Amino acid sequence: MKRYIVFIKQVPASTRVSIDPVTHALVRAGAKSRINPYDLHAVRAAVELRERLGGEVVAVTMGPPQAEAALREAMTAGADRAVLLSDRAFAGSDTWGTGAVLAAAVRKIGDGDVLLFGKQAVDGDTAQVGPGVAARLGLPQVTELLRFDEIRDGQLTVEKCCDNGTQQVRVSMPCVLTVTKEANEVSAPTLRQWERAQGLPLEVWGIGDLDLQPSDTGFAGSPTRVVATEAAATKGRAKILGSAEELANLIRTLS
């Protein structure tokens with residue numbers, strides 16, 4: 001049976017978030033959260049693969065216990081199973097430490113034909129985790145997926161974004177894909193889909209369930225060091241110009 005593993009992340013629902021003064025990490029406990037918008041399109045892409053090839057969609061996230069809500073949302077969107085990776089040892093992981101945990105989860109799940117990620121997470125915008133997991137597992141990767149053109153003989157022919165437009169790429173499975181918002185449409189769930197998701201089982205794994213040591217993840221396994229954070233100061237005031245002549249005169253005064 002084919003298996004499509006889609007990775008999701010809970011992100012702050014507001015731009016007003018607090019920073020831990022000691023670790024300089026986001027304080028997520030008690031903050032309102034939502035599923036990362038790009039990840040909903042990754043879930044939809046995984047469901048499309050299942051509809052075309054058969055198999056199952058497994059949703060995975062790493063986070064505190066309240067991240068179950070994001071997994072339930074992924075199952076409402078069509079995932080068949082869900083795994084929550086939750087352990088205090090994972091706290092403070094940067095993209096490198098996160099990649100170690102997710103790659104270990106893939107090995108435990110086993111036989112992943114396609115691994116799917118949102119293009120990036122809106123609380124970090126690094127776009128590093130998907131490619132990092134691909135490198136750890138030795139899998140080919142295609143970033144910024146736009147659409148599936150052809151699927152046959154164990155290969156995907158896809159269209160992806162690139163610097164100067166789009167590009168058609170053929171990749172063999174198993175592989176890693178990162179998905180853009182333009183790849184598909186995410187529709188509102190029905191009541192039946194929501195009820196189905198509430199009844200599906202949720203697996204919870206800690207570091208003891210994975211082939212990892214505490215030094216592999218969390219603050220200990222993360223080379224990134226945030227030494228300071230500060231809010232950007234607003235400078236100057238906006239001025240509305242009524243004509244091109246006013247703009248020209250302003251440019252002359254500044255040059």
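1. On a 1 Å grid over the protein atoms alone, a pocket is an open set of points where a 1.4 Å probe fits, with protein on both sides within 12 Å along at least five of seven lines; lining residues have an atom within 4 Å of a point. A volume is the space filled by probe spheres set on the points, which are joined across faces, edges and corners.

2. This is a predicted model: local features need pLDDT of at least 70, side-chain atom pairs count only at pLDDT 80 or more, and totals for chains, interfaces and linings use all residues. Residues are numbered from 1 along each chain as its sequence is written, and side-chain values use heavy atoms, without hydrogens and water.

3. Start with the second largest pocket. Its volume is about 300 Å³. Of its 17 lining residues, Thr76, Ala77, Gly78, Ser187 and Gln193 are the closest to the centre. Helices H1 (37-53), H2 (68-76) and H5 (191-199) each give two or more residues to the lining; helices are DSSP runs of H or I, at least four residues, and strands are runs of E, at least two, numbered from the N terminus. H1 gives the largest share, five residues.

4. Now H2. Its buried residues (under 20% relative accessible area, 1.4 Å probe, protein chains only) include Ala70, Leu71 and Met75. Among the elements covering them are S4 (56-62), H1 and H5. Just after H2, Gly78 takes a positive phi of about 130°.

5. Last, Met173. This residue sits in the loop between S9 (165-172) and S10 (175-179). Met173 is buried, at 16% relative accessible area. Its C-alpha atom is 9.4 Å from that of Asp153, 20 residues apart along the chain.

How values were computed: Buried < 20%, exposed > 50% of the residue type's maximum accessible area, 1.4 Å probe, protein only. Contact = heavy atoms within 4.5 Å.
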